[in-house]
Amino acid sequence: MNVVQNNKSWCVIIPTYNNAKTLKRVIDGVLNYTSHIFIVNDGSTDKTADILKNYKQLYILNVPQNKGKGNALQVGFKKALALNYDYALTIDSDGQHYPADISVFLEELNATKEPILLIGSRNMTHESVPKKSSFGNRFSNFWFQFETGIKLTDTQSGYRLYPLKHLPKRFFTKKFEFEIEVIVRTAWKNIQVKNVPIQVLYDPNERVSHFRPFRDFTRISILNTVLVIITLLYIKPRNILLKFKKKSFKAFLKEDILQTNDTNEVKAASLALGVFIGIVPVWGFQTFLSIFLAAIFKLNKTISFVGSNISLPPFIPFIVLGSLKVGSFFVGESDEILIDFDNISFHSIKNHLLQYIVGSTILATFMAVLLGLICYVILNFYNRKATT
């Protein structure tokens, strides 16, 4: 029978690889709270197998050859799901986590009705915490917030509570970087991701870390690069469109644009940036660039994205025509361009490429400044009217 916490069944998954010094202590500590434990022996070559012989009442899942922590966790998830558990609490076998903190996770689980993914938040300023771990955590926190919009204090702790039935069905990583992939992609499914405070112990005499700084940091960096690209090209535009679809245009304009905490200057600059990106010849990358540059310059990504949609298909002929006409005044080809929609084509643009690039850049700058100023004036008028 599954352990049930407020109608939510849960178990504990302990992935282990050559942690014979601390494994028994971790298992015995967890047994004080539950016997629903899955131990994934990830191809250990030390005395791990001998230790596990004494725990035949538990689920022992053996991976013949070491394949990485991410793979071990997925093996545990699959088995727990097959037995219909709702949640899996994962705890590292190197002794850094305190089983007593299981109650912290369960208290938070009891306090919510919606699916939730909890991550233990360590005190990374403690003198026992290695500096490389503290730096790596800050690095991970930054990219997680960029990719999801969620601010956490610890995204690297392996002490977690996963909502098994709400995780992605497939994963693409199997090493340490898996723990980043799973929380980002779960957050993308609009599942709440939250920290809970936990204790941590770094004992250099007992703890065995299998993190390989150069190789694993490179894997993590590659993963974050992919996640950032997906965020900019798909997730953020998707979220903006979903907000727009759920609300009337008036409500979207009022709640997501007019009533944000950004200053009028920031809002106007965000619109100007989006309009500029929407007009300059970067076809296919407007969404990516408008959101990416808004993030870089700390502008409003939603407003910048909306502004970039000046390049929607119905407006493209006007943008192309206007760019060619403006460009003709600066590159001396005014006699070669006919102001006629029927004669505008990709072939004609190719023949007047310099004219088009110069014209579109000038037109983009003019329209960005113009619409940005109009936006600023309207916002100031709106604010004064709202305060009277």
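In this predicted model, the side chains of D154 and R122 meet in a salt bridge, with 2.7 Å from N to O. D154 sits in the loop between α5 (131–148) and β7 (160–163). R122 sits in the loop between β6 (116–121) and α5. The pair therefore ties together parts that are 32 residues apart in sequence. Both D154 and R122 are buried.

This pair belongs to a wider set. A search of the whole structure finds 9 salt bridges. Another one joins R185 and E181, whose side chains meet at 2.8 Å, N to O. Here both partners lie in helix α6, which covers residues 178–187. R185 and E181 are 4 residues apart, about one turn of the helix. R185 has a relative accessible area of 19%. The cut-off for buried is under 20%, so R185 counts as buried. E181 is buried too, with a relative accessible area of 1%. Salt bridges also form a network: shared partners join K69, D92 and E179 into one.

A further salt bridge links the side chains of K53 and D50, at 3.6 Å from N to O. K53 has 54% relative accessibility. Exposed means over 50%, so K53 counts as exposed. D50 has 46% relative accessibility and therefore counts as partly exposed.

The surface also carries a nonpolar patch, formed by I222, V226, I229, I230, L233 and Y234. Together these residues have about 530 Å² of accessible area. One of them, L233, is found in helix α7, which spans residues 213–246. L233 counts as partly exposed because its relative accessibility is 46%.

Helix packing was examined for α9 and α11. Helix α9 covers residues 264–279, and helix α11 covers residues 301–308. The two helices pack at an angle of about 35°. Their axes are 7 Å apart. The crossing of α9 past α11 is right-handed. On the α9 side, the contact is made by K267, S270, L271, L273, G274, V275 and G278. On the α11 side, I303, S304, G307 and S308 make the contact.

Conventions:
Residues are numbered from 1 along each chain as its sequence is written. This is a predicted model: local features need pLDDT of at least 70, side-chain atom pairs count only at pLDDT 80 or more; totals for chains, interfaces and linings use all residues. Side-chain values use heavy atoms; hydrogens and water are left out. Patches are made of residues with over 30% relative accessible area and no salt bridge: like charges are joined within 9 Å, nonpolar side chains (Val, Leu, Ile, Met, Phe, Trp, Tyr) within 5 Å. Accessible areas come from the Shrake-Rupley method with a 1.4 Å probe; for residues, only the protein chains shown count as cover. A salt bridge is a side-chain nitrogen of Lys or Arg within 4 Å of a carboxyl oxygen of Asp or Glu. Buried means under 20% relative accessible area, exposed over 50%, partly exposed in between (1.4 Å probe, protein chains only). Axes are lines fitted to C-alpha atoms, for helices over the stretch in contact, and angles run from 0 to 180 degrees between N-to-C directions. A crossing is left-handed if the near helix is turned anticlockwise from the far one by less than a right angle, and right-handed if clockwise. Contact means heavy atoms within 4.5 Å.
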